[in-house]
Amino acid sequence: MFLPFLLSLLLSTAHAAKSEPSSEKLPPCYSSKEFITALEFLRSQKQFDLSEEQSRKTAESVAQSCLQKGADREGTAKRFIRITELLVKAGLTSKNAIETALEFSARTDAETEAFITIFRYAFLKDYLDLDMFASMNMAKRLSMDFKGNTKTAVSDFEKIVKFCASEKYLDLPRPQCGETAARLAKLGENEPRGVAEAWISSYEFLRSQKKGPGLATVNALELSEELLNKYGTVGLDNFSHAFRYAINKKGLDMSNDEALKFARKMAELTQTQ
């Protein structure tokens, strides 16, 4: 009696396992809508000088974009159109603009928004006034190449640019400011709260003669970025706390150089890598 019962149990368990879905179903692609929207846009852009065949082929690629892994299932045509218009208006050739726009049609709305915001900051004369390709590369690094929250990346980038470009604060040359902001914002991939405020606070502490070690601008920039890169925002906090305690007569009563060495040692113990 026991053997037939055991076989029945095993078979019913195996059947139940097979009946369970192997993965979640993805939302459907509204491929026809995306194709038509993209095609009508391309047809309306006479200055692109595309043949009907080229326009249809491109529109089909846009429609297929929603099947790409990690892409938002809706809005492929909208993302394609927004990036194309942005880059053509900035002076990029329609061919190159379309190629980049196709990349973003297969991404997310958040990544597209991040690219547009960073590109404008980098390219426009009122901000960093970088050249086309430097602006595009910077924007890609903090959108499609960014492995964290792109909204946080954009926020960090904006805050750091305002700080390093302002005459009140760092007043760095615009290209240097932009590259610094992009590098630092990229370090926030594993920092849910971002890095801008922690980095700015660390830089100002390192420059301070009263509360910190009073480093020169170039040395404060190098050390704050090094600490952030190796030990994250907690490492920056560990460094400043350790230095303050080490330099205090009621703490360790160390010299400036000794306190710097001690603070580095405490930062190393953060162990984020």
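Residues are numbered from 1 along each chain as its sequence is written. In this predicted model local features need pLDDT of at least 70 and side-chain atom pairs count only at pLDDT 80 or more, while totals for chains, interfaces and linings use all residues, and side-chain values use heavy atoms, with hydrogens and water left out.

**Exercise 1.** Determine where helix α11 bends.

Solution. Helices are DSSP runs (H or I, at least four residues), numbered from the N terminus.

**Exercise 2.** Classify the residues in the contact of α8 with α9.

Solution. Contact means heavy atoms within 4.5 Å. Among the residues making it are Phe157 and Ile160 of α8 and Leu184 of α9. By class there are 11 nonpolar, 1 polar and 1 charged residues, where Ala, Val, Leu, Ile, Met, Phe, Trp, Tyr, Cys and Pro count as nonpolar, Asp, Glu, Lys and Arg as charged, and the others, Gly among them, as polar.

**Exercise 3.** Explain what the salt bridge of Glu103 and Lys140 ties together.

Solution. Their side chains meet at 3.2 Å, N to O, within the cut-off (a side-chain nitrogen of Lys or Arg within 4 Å of a carboxyl oxygen of Asp or Glu). Glu103 lies in α5 and Lys140 in α7, so the pair ties together parts 37 residues apart in sequence.

Methods
The bend at a residue is the angle between axes fitted to the seven residues ending there and the seven starting there. Helices (H or I, at least four residues) and strands (E, at least two) are DSSP runs, numbered from the N terminus.
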